[in-house]
Amino acid sequence: MSIANLTAANAIQSTYSHWIIFGCGVFALLWGVIQII
Amino acid sequence: MPWSDEACLQTMKDVNGFIVEGADTFLKKEYTYLTYFCIVFAVVLVCAVDMPWAENEAGVQLLFPWTTFAFLIGAFTSMLCGYIGMKVATTANVKTTYLCASQDINAGFDVAFKGGQVLGFVLVGLSLLVLEILILSYKPFVVTEKNDKHTEEGGKIVQQQVRVLFEYISGYGLGGSTVALFGRVGGGIYTKAADVGADLAGKVTHGLQEDSPLNPGTIADNVGDNVGDIAGMGADLFGSLAESTCAALVVSATSLEMVNHTDAIYFPLVITATGVIVSFITQWFAKLDLKVDQKLFY
């Protein structure tokens, strides 16, 4: 993608990274809470 | 006295109760003063860094102190991590001691290891989620150049706005580190003072043994260990994680190639997220298989 095609809509608009980060974050929180129980 | 004895159990619970109460009181007091400091520092940040009344580097006037807000969120999350770690540790301590003495050292290890896992996983989970939510919620307000005509100049403005966005986000790491500094140093000074005081008063003056339950300074020493080495370390770990991730984001946002390939921008966060999975897999291999003569405890 060239610099000319960079727009507010597609800047830092990742396809799969968000899902990995959210998934792992929620999983880490859940696993931590399960250890307390 | 056998460890299964009711009186012995009660003593253990009483001592733990004193430690929990002391650690709670210390942390509440410390966090109260830290909150005052953060508010004062936030005012300094608004005046010196954010300056919402002026245009930012990208030539846009944003009537909101973005860096300061990220700083306050980072400070609060850091305090929360420290508090959760301290609460879990004070509960796990007494269980570990009891299991090591009454059953075997392997059972105690399991409880201690699980107690540590709570802080580790919750800390990383909170750090990742809050940072990601901050980035996504800042983006519509900071990256405003639509560049509908797909010009090179417009693209450069977008890139500059992305860089400014991550500079705002770096306040998150600053907040985490500020709390970590006070948590680590405050707890460390307290525990050292209690340790020296307990030694001088108990061992030297009254001839008591090291860590004798008859010495009130021992409780203060244990409280210091919990608030300094656990709550302080939790905040410290959070600060290091948040700061290093934010620094990587700010540096990568200066590169045109990185901004053009947006998945590359998130690489530092994805690395941390992958660490969660690796830690989850490897924790199953952490087992202790020691044979210890229980009579040694009596």
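How do the axes of helix α1 of chain A and helix α3 of chain B cross, and within what distance do they come? I looked at this first.

I'm working from a predicted model, where local features need pLDDT of at least 70, side-chain atom pairs count only at pLDDT 80 or more, and totals for chains, interfaces and linings use all residues. Residues are numbered from 1 along each chain as its sequence is written, with chains lettered from A and ligands numbered from 1 in the order in which they are written.

**α1(A) on α3(B).** I find that the axes of α1(A) (residues 17-36) and α3(B) (residues 105-142) come within 7 Å and cross at roughly 150 degrees. Therefore α1(A) is roughly antiparallel to α3(B) (over 145 degrees counts as that). Axes here are lines fitted to C-alpha atoms, for helices over the stretch in contact, with angles from 0 to 180 degrees between N-to-C directions. Helices are DSSP runs (H or I, at least four residues), numbered from the N terminus.

I listed who meets whom (C-beta atoms, placed from the backbone, within 7 Å): F22(A), L29(A) and W31(A) are among the α1(A) residues, and the α3(B) residues include F121(B), L128(B) and E132(B). By class, this contact has 15 nonpolar, five polar and two charged residues. I count Ala, Val, Leu, Ile, Met, Phe, Trp, Tyr, Cys and Pro as nonpolar, Asp, Glu, Lys and Arg as charged, and the others, Gly among them, as polar.

**Whole chain contact.** I get 39 residues from chain B and 26 residues from chain A. On the chain B side, α3(B) gives the most, with 12 residues.

**α3(B) on α5(B).** I see these axes come within 10 Å and cross at roughly 35 degrees.

Note on methods
Helix = DSSP H or I, 4+ residues; strand = E, 2+ residues; numbered from the N terminus. Parallel < 35°, antiparallel > 145°, perpendicular 65-115°, else oblique. Contact = placed C-beta atoms within 7 Å.
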